Amino acid sequence: MKKTIEVGEKQIALESNAFTPLAYKKQFNKDFFQELFALARIFKGKKEFSMENLSEDSVQAFDTELFYRFFWIFAFTANSQIPNFLEFYNEYSELTFESIVTSIVSLIEASFVTKKK
């Protein structure tokens, strides 16, 4: 799945495909699907992000960097020429946490789905 978002006057392409979990493991030395399942446990089936919807246990397990890693890997999947993780966020300093989360929800959902032609 592909999508493009606008940040200030710049556009960022995001993509999730078979390459994404491999690149995630290589970049962050963490399993992409384990991280997704951890995220799913935090939200327990909720479709919309809201700090108010999180239980106390979920808040304690909550790791904001996880969302930044997912966003970056989706951007990297779409364009492997983007800056490294920290440089990327320095370059796109206008990105808010809320825009990151809302931008990646559909890509995360697509990561769980396989399609046959």
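The exercises below, each with a worked solution, concern the predicted model of a single chain.

Residues are numbered from 1 along each chain as its sequence is written. Local features need pLDDT of at least 70 and side-chain atom pairs count only at pLDDT 80 or more, while totals for chains, interfaces and linings use all residues; side-chain values use heavy atoms, with hydrogens and water left out.

**Exercise 1. The chain as a whole**

Task: State which secondary structure elements the chain has and in what order they run.

Solution. 
- Step 1. Helices (H or I, at least four residues) and strands (E, at least two) are taken as DSSP runs, numbered from the N terminus.
- Step 2. The count is six helices and two strands.
- Step 3. The order from the N terminus is β-β-α-α-α-α-α-α.
- Step 4. Of the 117 residues, 40% are buried; buried means under 20% relative accessible area, exposed over 50%, and partly exposed in between (1.4 Å probe, protein chains only).
- Step 5. Among contacts (heavy atoms within 4.5 Å) with a separation of 6 or more, 63% join residues 24 or more positions apart.

**Exercise 2. The faces of helix 1**

Task: Work out how the buried residues of helix 1 are placed around its axis.

Solution. 
- Step 1. The buried residues are Thr20, Pro21, Ala23, Tyr24 and Phe28.
- Step 2. Seen down the axis, these fall within an arc of 165 degrees, so they line one face of helix 1; the arc is that of the directions from the helix axis to the C-beta atoms.
- Step 3. Leu22 and Lys26, on the other side of helix 1, are exposed.
- Step 4. Just after helix 1, Asn29 takes a positive phi of about 55 degrees.

**Exercise 3. The salt bridges**

Task: Identify the two salt bridges of the structure and the surroundings of their residues.

Solution. 
- Step 1. A salt bridge is a side-chain nitrogen of Lys or Arg within 4 Å of a carboxyl oxygen of Asp or Glu.
- Step 2. Glu35 pairs with Arg69, with the closest N and O atoms 2.5 Å apart. This pair links distant parts of the chain, with Glu35 in helix 2 and Arg69 in helix 4, 34 residues apart.
- Step 3. Arg69 also forms a salt bridge with Glu65 (3.4 Å, N to O). Both lie in helix 4, four residues apart, about one turn of the helix.
- Step 4. Glu35 counts as buried because its relative accessibility is 14%. Arg69 is buried at 5%, and Glu65 is partly exposed at 37%.
- Step 5. Glu35 touches Tyr24, Lys30, Leu66, Arg69 and Phe70, not counting residues up to four places away in sequence. The C-alpha atoms of Glu35 and Leu66 are separated by 7.7 Å, although the two are 31 residues apart along the chain.
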